[in-house]
Amino acid sequence: MAPYASDDSTTGGEVDEQHSRRRKAARYVVPVTVVGVAAATIGLVPALADSGDPDLPKITAQQLIQKIAESDTEQLSGTVKISTDLGLPNLGGLESGLLSGAAGRGEDGSSADPTAKLTELASGTHTLRVAADGPDRQKLSLLENAAEYSLVHNGKDVWAYDSKSNEVYHGTASDGPAHEREQQPPATPKDFAEEALKAVDGTTSVTVDGTAQVAGRDAYKLLVKPKQSGSTVGAITVAVDARTGTPLKFTLTPASGGAAVVDAGFTQVSFAKPAASTFDFTPPKGAKVTEEKDAGKEFGKEFGKDFEKGEARGHAEKAPKSGEHLGKGPEGMRTIGEGWNAIATFDTGGEGVPSGEAGGEFGGFIDSLGDKVTGDFGSGTVFSTRLINALVTDDGKVYVGAVTKDALVKAADAGK
């Protein structure tokens with residue numbers, strides 16, 4: 001168990017000194033710099049966990065964030081339930097088909113490719129089994145109807161197995177755990193909490209909102225809320241294990257109310273060392289094995305066919321020239337506003353969303369998915385989810401953020 005300050009007098013230097021004496025697994029801890037950011041810029045509300053059940057010692061928000069940052073949990077196993085409700089447009093089942101199709105096969109043609117399979121977590125309710133033993137051994141299993149998908153990291157080997165198709169994907173962890181994590185979507189309360197705490201700044205209110213029990217463990221509840229109006233984020237609650245500082249449950253509720261957009265929490269958890277055999281993997285007999293070094297070959301073959309047909313020439317002509325920024329359109333990407341109200345904007349350099357008249361039946365279909373809006377900027381279409389909204393103007397400009405439709409229109413008007 002990592003110690004935490006008994007009062008607010010702990011300095012950033014003392015925290016850094018404590019941190020330097022610990023062996024940290026980058027995959028599991030929030031960067032300790034969050035502590036300094038919280039203390040310096042949040043304007044922490046000195047709310048104390050003095051109500052609720054269980055009855056735990058009082059702790060301030062700053063101390064609880066510090067407790068998360070200093071958590072040295074490297075060994076655990078358990079079951080996580082994750083539910084995601086982004087409120088995607090109803091396409092008559094097409095949206096679920098697109099997600100399952102994207103998750104079905106990666107760029108290399110393997111249904112076991114983790115970059116594709118784990119996109120399933122973006123919608124619906126899923127049950128995961130997780131296990132970890134330090135930075136070099138982790139396992140995540142996605143339980144499905146009469147099937148299971150497992151992702152295993154053991155030393156330098158990364159194995160992924162899809163029992164439904166009996167396919168295996170094999171790669172290496174040569175770039176280390178931190179790199180692997182960047183390539184994977186968040187799947188545990190710890191993952192989500194780390195991402196949320198990155199947003200902690202002067203536009204954020206952070207308090208301790210009582211206590212709770214999660215998976216039989218006593219926990220404090222950290223409440224993170226935007227101070228600004230106009231954000232689609234209502235509140236984020238992180239249940240933090242009182243003993244270890246490990247996030248046990250993460251809940252994001254929208255400003256519009258209703259069910260959580262993301263609710264991920266342990267239903268069972270143990271901090272004992274998992275058995276070494278947990279991370280063993282041998283491809284089952286008869287399974288199709290795809291090696292990471294062969295990834296993309298199927299895509300290459302298809303591109304080659306297009307090239308023979310002359311279809312690749314158009315792609316080459318549109319490709320960025322040497323020295324151009326690959327992530328920029330003609331006017332580049334920039335950010336409007338700050339904190340939770342930040343809006344990313346860029347210019348596609350072309351036409352916007354086709355209208356019913358200009359796009360025929362396809363344009364009418366696109367119109368049905370969004371709301372037409374007008375302003376000083378002209379006109380465009382807003383595509384909405386319960387968390388992220390995007391405005392695409394008729395002249396090809398895009399504004400996107402976790403903000404309301406009105407906020408996007410105001411940003412477009414200001415950028416006229």
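The structure is a predicted model, in which local features need pLDDT of at least 70 and side-chain atom pairs count only at pLDDT 80 or more, while totals for chains, interfaces and linings use all residues. Residues are numbered from 1 along each chain as its sequence is written, and side-chain values use heavy atoms, with hydrogens and water left out.

**The chain as a whole**

The secondary structure of the chain comprises eleven helices and 18 strands. Helices (H or I, at least four residues) and strands (E, at least two) are DSSP runs, numbered from the N terminus. The chain has 416 residues, of which 42% count as buried. Here buried means under 20% relative accessible area, exposed means over 50%, and partly exposed lies in between (1.4 Å probe, protein chains only). Among the contacts with a separation of 6 or more, 58% are made by residues 24 or more positions apart; a contact means heavy atoms within 4.5 Å.

Helix H3 spans residues 61–69, and nine of its nine residues are buried, so H3 is largely enclosed by the rest of the structure. The buried residues of H3 include Gln62, Leu64, Lys67 and Ile68.

In helix H11 (residues 405–414), the buried residues are Leu408, Val409, Ala411 and Ala412. These residues lie on the same side of H11 because they cover an arc of only 160° around the axis, the arc being that of the directions from the helix axis to the C-beta atoms. Asp406, Lys410 and Ala414, on the other side of H11, are exposed. The cover over the buried residues of H11 includes strands E13 (334–336), E14 (343–347), E15 (371–375), E16 (378–384), E17 (389–393) and E18 (397–401).

Val382 lies in E16 and is buried, with a relative accessible area of 1%. Leaving aside residues up to four places away in sequence, Val382 touches Gly370, Asp371, Val373, Ala390, Leu391, Lys405 and Leu408. Gly378 also has its place in E16, but Gly378 is partly exposed, with a relative accessible area of 31%.

The table gives two C-alpha to C-alpha distances that involve these residues.

| Residue pair | Separation in sequence | C-alpha to C-alpha distance |
|---|---|---|
| Val382 and Val400 | 18 residues | 9.4 Å |
| Gly378 and Val409 | 31 residues | 9.9 Å |

**Helix H7 and the second largest pocket**

Helix H7 (189–197) is mostly covered, with eight of its nine residues buried. Those buried residues are Pro189, Lys190, Asp191, Phe192, Ala193, Glu194, Ala196 and Leu197.

Rolling a probe the size of a water molecule over the atoms shows where empty space is left. On a 1 Å grid over the protein atoms alone, a pocket is an open set of points where a 1.4 Å probe fits, with protein on both sides within 12 Å along at least five of seven lines; lining residues have an atom within 4 Å of a point. The second largest pocket holds about 680 Å³ of space, a volume being the space filled by probe spheres set on the points, which are joined across faces, edges and corners.

The lining of this pocket consists of 24 residues, and Phe192, Glu195, Leu252, Val262 and Leu387 lie nearest its centre. Strand E1 (75–84), helix H7, strand E9 (233–241) and strand E10 (247–254) each supply at least two lining residues. H7 gives the most, with three residues. By type, the lining residues divide into 20 nonpolar, three polar and one charged. Ala, Val, Leu, Ile, Met, Phe, Trp, Tyr, Cys and Pro count as nonpolar, Asp, Glu, Lys and Arg as charged, and the others, Gly among them, as polar.

**Single residues in strands and loops**

Gln138 is found in strand E3 (residues 137–144) and is buried, with a relative accessible area of 6%. The side chain of Gln138 reaches the backbone oxygen of Pro135 at 3.0 Å. The side chains of Gln138 and His153 are joined by a polar contact of 2.7 Å. A polar contact is a pair of N or O atoms within 3.5 Å; within protein, one must be able to donate a hydrogen and the other to accept it, and residues adjacent in sequence count only if both atoms are side-chain atoms.

Ala146 lies in the loop between E3 and strand E4 (147–154). Phi of Ala146 is near 55°, a positive value in a residue other than glycine, and Ala146 is exposed, with a relative accessible area of 89%. Ala215, in the loop between strand E7 (204–214) and strand E8 (217–226), has a positive phi of about 55° although it is not a glycine. Ala215 is partly exposed, with a relative accessible area of 27%.
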